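This briefing covers ligand surroundings, nonpolar cores and selected backbone features of one structure. The sequence and the coordinates come first, and the notes follow by topic.

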Amino acid sequence: MDKKRIIDDLVNLFRSCDGNVIAAGKALPGCEGLVMFDEPIFGVSSADDPIYETFKRAEVVGDNFMLPEQWLPGAKSVISFFLPFTQRVRSSNRGDPESTSNEWLHARIEGQAFINSYTEKLKELFAGYGVSTCVPASDSRFATKATMLPPGDPKVIHFSSNWSERHVAYASGLGTFCLTRGLISPKGVAGRYGSIITDAEIAPDERPYTGVYDYCIMCGACVKRCPAGAISLEHGKNQQKCKQWMDITAKKYDPRYGCGKCQVGVPCEGGIPRVGLLNR
Ligand code: B12
Ligand code: SF4
Ligand code: SF4
């Protein structure tokens with residue numbers, strides 16, 4: 001299929017999809033009219049790219065990871081997208097590490113609801129092209145699991161899902177991992193990922209990197225930002241400490257939650273960081 005036409009259609013759909021603006025009736029203080037996401041960027045990978053098999057390895061995702069073909073028999077392509085948070089969402093959360101901004105809370109919860117609506121519209125669009133699709137994130141088979149690591153392992157716990165959006169984005173040329181385990185795209189780390197599998201043949205994108213952590217400059221700025229002490233230059237990110245902090249925010253901001261302090265006020269917030277940035 002014509003890739004340019006598809007990507008143009010996906011961008012137009014984003015522009016016309018409701019829910020990216022927080023309406024007055026449900027806005028937390030200061031958030032009326034908040035636009036959560038800037039326009040998405042896309043990456044495409046081939047459903048039979050051998051990299052997907054490697055995600056089944058225990059040290060990558062695990063054998064629970066389902067291949068594109070397992071989600072959608074006859075799958076040919078995977079489209080991954082990154083929705084960057086707007087400047088207003090990002091800058092609002094750069095302050096006090098102990099408090100999540102109202103804008104970030106909206107972007108975490110209403111933002112994901114918007115992504116779900118957007119992917120529903122993507123499915124309709126592809127049905128109009130006459131091709132089949134599967135969106136693992138909204139599929140009844142989607143599941144996450146937590147496995148305790150051997151005693152002494154500083155990472156303590158391994159969280160995994162059967163469709164990790166960051167690994168799919170990595171496979172699709174959208175970016176690389178970083179110290180916090182977030183995925184840095186050309187539009188930075190602050191934002192959310194999604195994806196759709198289709199049986200349409202779409203030309204895959206190249207991966208302009210070879211290493212899992214190529215875009216991270218290991219500056220350690222995120223270490224200082226984390227209120228839970230979950231990140232260190234020596235051991236990376238401790239998921240258990242992050243999860244425990246997330247549970248605290250869930251009580252504090254009920255019915256919303258979120259933190260993301262490691263994704264803002266850092267050199268990788270809105271783009272691929274450059275070592276020189278730190279010395280300015
Ligand atoms: C479970 C989960 C969590 C758990 C555990 C996080 C985790 N990394 O697993 C907890 C509750 C702690 C969490 C917290 C947060 N989360 Co979360 N979470 C998820 C979820 C549902 C599944 C993650 C998963 O499958 N992990 C799989 C494991 C295996 O990943 P991993 O251990 O990091 O993988 C490492 C290994 O694979 C290793 N590796 C070793 N060998 C090799 C070889 C190769 C080839 C490769 C590629 C890798 C590799 O490299 C990786 C990085 O170290 C995803 C949604 C989804 N379906 O993907 C969102 C997701 C990861 N979360 C997200 C976000 C935004 C958050 C929060 C900021 C919450 C918030 N909004 O306030 C925090 C902090 C995240 C952070 N610092 O990156 C985003 C990440 C966006 C981004 N820019 O990267 C996601 C993708 C949701 C989304 N739709 O966008 N989350
Ligand atoms: S703040 Fe620095 S060390 Fe942390 S993820 Fe970003 S580039 Fe990597
Ligand atoms: S999201 Fe997790 S790792 Fe990032 S700053 Fe908050 S507690 Fe720390």
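**Backbone, cores and ligand shells**

Met-218 is placed in the loop that runs between strand 8 and helix 7. Its phi is near 50 degrees, a positive value in a residue that is not glycine. The model is a predicted one. The points below start with the backbone, then turn to the cores and the ligands.

**Backbone geometry**

- Met-218 has a relative accessibility of 36% and therefore counts as partly exposed, the range for that class lying between 20% and 50%.
- Arg-181 also has a positive phi, of about 75 degrees, although it is not a glycine.
- Arg-181 belongs to the loop between strand 6 (176–177) and strand 7.
- The peptide bond that joins Asp-254 and Pro-255 is cis, with omega about 10 degrees.
- Pro-255 lies in the segment that follows helix 8.

**Loop residues and their contacts**

- Pro-204 is part of the loop between strand 8 and helix 7.
- Apart from neighbours within four places in sequence, Pro-204 makes contact with Lys-3, Val-44, Ser-45 and Ser-46.
- Between the C-alpha atoms of Pro-204 and Trp-71 there are 19 Å, and along the chain the two residues are 133 residues apart.
- Ser-101 is located in the loop connecting helix 4 (87–92) with helix 5 (102–129).
- Is Ser-101 buried or exposed? Ser-101 counts as buried because its relative accessibility is 10%, and the limit for buried is under 20%.
- With residues up to four places away in sequence left out, Ser-101 touches Val-89, Ser-92 and Asn-93.

**Nonpolar cores**

- The largest nonpolar core comprises 40 residues. Tyr-52, Phe-55, Phe-65, Trp-163, Ile-184, Ile-197 and Ile-231 are those with the most contacts inside this core.
- At least two residues of this core come from each of helix 2 (51–54), strand 2 (77–84), helix 6 (165–171), strand 7 (183–184), strand 8 (191–198) and helix 7 (221–225).
- Helix 6 contributes the most to this core, with four residues.
- Beyond its neighbours within four places in sequence, Tyr-52 is in contact with residues including Phe-65, Leu-67, Val-78, Trp-163 and Val-168. Other contacts of Tyr-52 include Ser-45, Ser-46, Ala-47, Pro-68, Ala-171 and Ser-172.

**Ligand 2**

- Which cavity holds ligand 2? Ligand 2 sits in the largest cavity.
- There are 13 residues around ligand 2, and those that come nearest are Cys-216, Cys-219, Gly-220, Cys-222 and Cys-268.
- By class, the shell around ligand 2 consists of twelve nonpolar residues, one polar residue and no charged ones.

**Ligand 3**

- The residues surrounding ligand 3 include the cysteines Cys-226, Cys-242, Cys-259 and Cys-262.
- Also around ligand 3 are Pro-227, Ala-228, Ile-231, Lys-237, Trp-245, Met-246, Gly-260 and Lys-261.
- Which helix gives the most residues to the shell around ligand 3? Helix 8 (residues 239–252) does, with three residues.
- The shell around ligand 3 divides into nine nonpolar, one polar and two charged residues.
- Ile-231 belongs to this shell and is also one of the residues with the most contacts inside the largest nonpolar core.

How values were computed:
Residues numbered from 1 in each chain as written. Chains lettered and ligands numbered in written order. Predicted model: local features only at pLDDT ≥ 70, side-chain atom pairs only at ≥ 80, totals over all residues. Heavy atoms only, no water. Near = heavy atom within 4 Å. Nonpolar A, V, L, I, M, F, W, Y, C, P; charged D, E, K, R; others polar. Buried < 20%, exposed > 50% of the residue type's maximum accessible area, 1.4 Å probe, protein only. Contact = heavy atoms within 4.5 Å. Core = buried A, V, L, I, M, F, W, Y, C linked by side-chain atoms within 4.5 Å. 1 Å grid on protein atoms, 1.4 Å probe; cavity = no way out; pocket = protein on both sides within 12 Å on 5 of 7 lines; lining within 4 Å. Sits in = over half its atoms within 2 Å of the grid points.
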